[in-house]
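Here's a quick tour of the model shown below. Have the structure open as you read, and follow the sheets one at a time.

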Amino acid sequence: MNSRRDFLQKLGISALALHLAPLSGWTASKNNVEAPYEGRVLRVAIMGLGSYGTRVAEAMQSCVKAKLVGVISGTPSKIKDWQSKYGIPAKNCYNYENFDSIKNNPDIDAVYVITPNALHHGMVLRVAKAGKHVICEKPMAINAKEGQEMVDACKKANVKLLVGYRMHFEPKTLEVIRMRNSGEFGKILFFQGQCGFKIGDPTQWRLNKQLAGGGSMMDIGIYAINGSRYMTGEDPVWVTAQETKTDPEKFKEGVDETIQFQFGFPSGATASCLSTYNMNNLDRFFLDGEKGFAEMWPSTGYGPIQGRTHKGELTQPVTTHQTVQMEEMAAIVFDNKQPVVPVNGEEAVKDLKIIEAIYQAAKTGSKVVISL
Ligand code: NAD
């Protein structure tokens, strides 16, 4: 049993409330006391027990509506470690050969796929066939065709397909979206998204086209793509792009090191973005409108997210993104809750189509029309 969860439930304080609290100065005031959660709990098995899987598992320890109950891994020693750390019963442990039999396990509702990008497609098709809801990490696939097949398979199996777009639940991000929707920035004119970091070990899967599907764009540039959409509230209709590569040894054919790209939106607004695996300190969004602006820096890292608008600092609570994401996803699965910004497979296919258009624009040097 999860003693922290039990403790919180006894106290009547939801862990989500704790995770929505500012990091400092929070005390359990009367307003933070909630009735214990009595709804259905989303019982999740994590597939791929690597660095992000571990982060999600830790964050889930504070969830009330979602619970880590199973694992799928090719490494028996990791399964053992996770079993003892999270109290996972042997009957909920699988490897990549036998996990199709999860269909006969009534104690697991969903599988969260957190493997290297190129493996998402095959794994999601198998999970859907087993009749379990799917949560899949970004990028959902390595091209739009595979992405669409995943959407179709989940629809056919009548299971939900949700993608780990954790920023869609982040309070400061949602406040900027609220301000935009209520017209506080006026007509949106311009978005700038700069996303990147200097990547280390040249032998890692992120630098292997076969497993990653590309380079920085698949991994980190996707935040600028998706961000340009949720910050402006529009989908791009054209793209131009320029690629630079300073280290062709490390960033081989098909693995992009740095790409700058520009979008045009139906309203006439434009965006200018940067995706890179070769520069640090790039985690910044800027949105400009006729009546005001929003700046977020950091904008998509694990946090704390910081930002300001023409009206002042953004003061919404600091959250553990993955905790809130999993709480919200439980409500999406069981209550059909509609998030402010979608996290479904169709949303992810749009990003994959845009990535393909960016690659084409960078390759040809011409403006590419995007139709989503
Ligand atoms: P990682 O290398 O730390 O973990 C990957 C896991 O997959 C490992 O446990 C590895 O053993 C397993 N695996 C299974 N088959 C494999 C194979 N053939 N080759 C290599 N590993 C294999 O990677 P990660 O950082 O955890 O990333 C996993 C996924 O999560 C990626 O799709 C990535 O884009 C995504 N991710 C998302 C976020 C986010 O903030 N949403 C952050 C980090 C990673």
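Predicted model: local features only at pLDDT ≥ 70, side-chain atom pairs only at ≥ 80, totals over all residues.

## The mixed sheet

Strand 9 (residues 258-264) and strand 10 (residues 270-276) pair up antiparallel, with seven bridges between them. Within that pairing, F261 has C273 of strand 10 as its bridge partner. Strands here are DSSP runs of E with at least two residues, helices are runs of H or I with at least four, and both are numbered from the N terminus. Two strands count as paired if DSSP finds at least two bridges between them.

Zooming out, nine strands make an open sheet with mixed pairing, in the order 14-13-12-11-7-10-9-8-15. Strand 14 (312-313) and strand 15 (368-369) sit at the edges with a single partner strand each, so one side of each has no neighbour in the sheet.

## What lies across it

Helix 9 (residues 216-232) lies across strands 7 (188-196), 9, 10, 11 (282-289) and 12 (293-296), at about 160° to strand 7. Helix 11 (residues 345-364) lies across strand 8 (238-244), strand 9 and strand 15, and runs at about 60° to strand 8. Contact means heavy atoms within 4.5 Å. Axes are lines fitted to C-alpha atoms, for helices over the stretch in contact, and angles between N-to-C directions run from 0 to 180 degrees.

Strand 1 (residues 42-47) and strand 2 (residues 66-72) run parallel and are joined by six bridges; A45 has G70 in strand 2 as its bridge partner.

## Around the ligand

The ligand is surrounded by 23 residues, and the closest are S51, N117, K138, R166 and W205; a residue counts if one of its heavy atoms lies within 4 Å. An N or O atom in the N117 side chain is 2.7 Å from a ligand oxygen, and a polar backbone atom of Y52 is 2.9 Å from a ligand oxygen.

Residues are numbered from 1 along each chain as its sequence is written, and side-chain values use heavy atoms, leaving out hydrogens and water.

Note on methods:
Polar contact = N/O pair within 3.5 Å; in protein donor to acceptor, adjacent residues only side chain to side chain.
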